[in-house]
Amino acid sequence: MPHSRNQGLPEVEPSARPLDYLLNLLFPDRCLFCRTILPSADGLPLCSSCRTTFSPAGRICPQCERFFQGQTECTCFSAASPLQSLFALSRYDQQWRALLHDLKYRNRRSLARPFGVWLAREIIKQEYCAPHVVVPIPLHRLREKERGFNQSTLVACHTARILGIPCRQLLVKNKDTVSQTTISRLERRENIHGVFSCTSSLPQGFVVLLIDDIYSTGATMKEAAAVLHGCGAKVFGVVIAYNPRIS
Ligand SMILES: [Zn+2]
Ligand SMILES: [Zn+2]
């Protein structure tokens with residue numbers, strides 16, 4: 001497995017470098033929800049009381065959008081599907097809405113690290129997949145220039161670092177689409193169709209971990225997965241939050 005060297009992953013994120021130690025003294029890890037200083041970094045960026053309110057999501061079937069109940073494959077699983085599977089850290093509720101809004105629109109880039117590290121640890125713990133590379137869903141270059149960063153790239157880099165694999169921008173978004181948040185499920189599919197292209201061909205059997213912040217109708221992730229699949233990749237999706245309410 002490509003990330004097998006991480007099987008003996010230490011409980012604490014590898015941060016033995018003196019600079020990391022100093023930074024942690026100056027800026028200790030805090031609970032994502034209530035900002036309490038965390039006593040030790042055990043990988044889950046929530047304090048003990050916020051852990052009791054957290055509702056983890058888990059694996060979701062990209063075809064029927066049901067949560068997997070213990071089994072590793074849904075009955076509608078198809079090896080030919082461009083998006084093999086989907087994993088979400090959390091369901092999208094008020095708290096996650098605020099956090100992801102802070103990351104994207106209020107320039108709280110420091111959130112990318114706990115999200116990225118947390119995703120990586122769950123991928124390893126749940127043996128979700130064994131990727132060769134982590135790929136973020138791209139923004140159009142004008143949107144990225146305007147925002148100053150792509151939140152999915154920031155998260156993906158931290159995930160890749162913990163998994164011990166590269167983070168590569170293998171996709172380009174060629175068209176600046178209208179925001180997916182304001183339109184219906186059908187319009188989302190049409191809006192995003194044909195907007196991505198792959199920057200290189202990929203070796204046979206190449207496994208990609210495709211990262212985005214939110215999964216709603218799945219239009220964006222499925223379109224990106226289809227393009228990567230067309231370039232030869234097997235694609236596993238991960239997101240921070242799953243928001244299935246749009247019809
Ligand atoms: Zn807390
Ligand atoms: Zn299914």
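Reader: Over how many bridges do strand β6 and β7 pair?

Author: This is a predicted model, and what follows is computed from its atoms. Strand β6 covers residues 206-215 and pairs with β7 in the parallel sense, with Leu210 standing opposite Gly237 in β7. The number of bridges over which β6 and β7 pair is nine.

Reader: Which residue in β7 is the bridge partner of Ser90?

Author: Strand β7 also runs parallel to β2, to which seven bridges join it. Within β7, the bridge partner of Ser90 is Ala241.

Reader: How many of the ten residues of strand β7 are buried?

Author: Strand β7 comprises residues 233-242 and is described as mostly covered, where buried means under 20% relative accessible area. The number of its ten residues that are buried is nine.

Reader: What is the arrangement of the four donor atoms around the zinc ion (ligand 2)?

Author: The protein donors of the zinc ion (ligand 2) are the SG atoms of Cys61, Cys64, Cys74 and Cys76, which lie 2.1 to 2.3 Å from it. Ideal angles for four tetrahedral donors are 109.5 degrees. Around the zinc ion (ligand 2) the four donor atoms subtend angles of 97 to 123°, which makes the arrangement tetrahedral.

Reader: How far apart in sequence are the parts that Cys64 and Cys76 tie together?

Author: The donor residues of the zinc ion (ligand 2) are spaced C-x2-C-x9-C-x1-C in sequence. Cys64 and Cys76 both lie in the loop between β1 (56-60) and β2 (83-91), so the parts that this pair ties together are apart in sequence by twelve residues.

Reader: What is the relative accessibility of Phe27?

Author: Phe27 is placed in the loop between α1 (18-26) and α2 (48-51). Together with Leu19, Tyr21, Leu22, Leu23, Leu25 and Leu26, Phe27 makes a nonpolar surface patch of about 800 Å². Phe27 counts as exposed because its relative accessibility is 59%.

Key. Residues are numbered from 1 along each chain as its sequence is written. Chains are lettered from A and ligands numbered from 1 in the order in which they are written. This is a predicted model: local features need pLDDT of at least 70, side-chain atom pairs count only at pLDDT 80 or more; totals for chains, interfaces and linings use all residues. Side-chain values use heavy atoms; hydrogens and water are left out. Patches are made of residues with over 30% relative accessible area and no salt bridge: like charges are joined within 9 Å, nonpolar side chains (Val, Leu, Ile, Met, Phe, Trp, Tyr) within 5 Å. Accessible areas come from the Shrake-Rupley method with a 1.4 Å probe; for residues, only the protein chains shown count as cover. A salt bridge is a side-chain nitrogen of Lys or Arg within 4 Å of a carboxyl oxygen of Asp or Glu. Helices (H or I, at least four residues) and strands (E, at least two) are DSSP runs, numbered from the N terminus. Buried means under 20% relative accessible area, exposed over 50%, partly exposed in between (1.4 Å probe, protein chains only). Donors are N, O and S atoms within 2.8 Å of the metal (3.2 Å for Na, K and Ca); water is not among the atoms, so sites may look incomplete. Four donors count as tetrahedral if all angles lie between 85 and 135 degrees; four count as square planar and six as octahedral if opposite donors are over 155 degrees apart and all others between 65 and 115; anything else is irregular. Two strands pair if DSSP finds at least two bridges between them.
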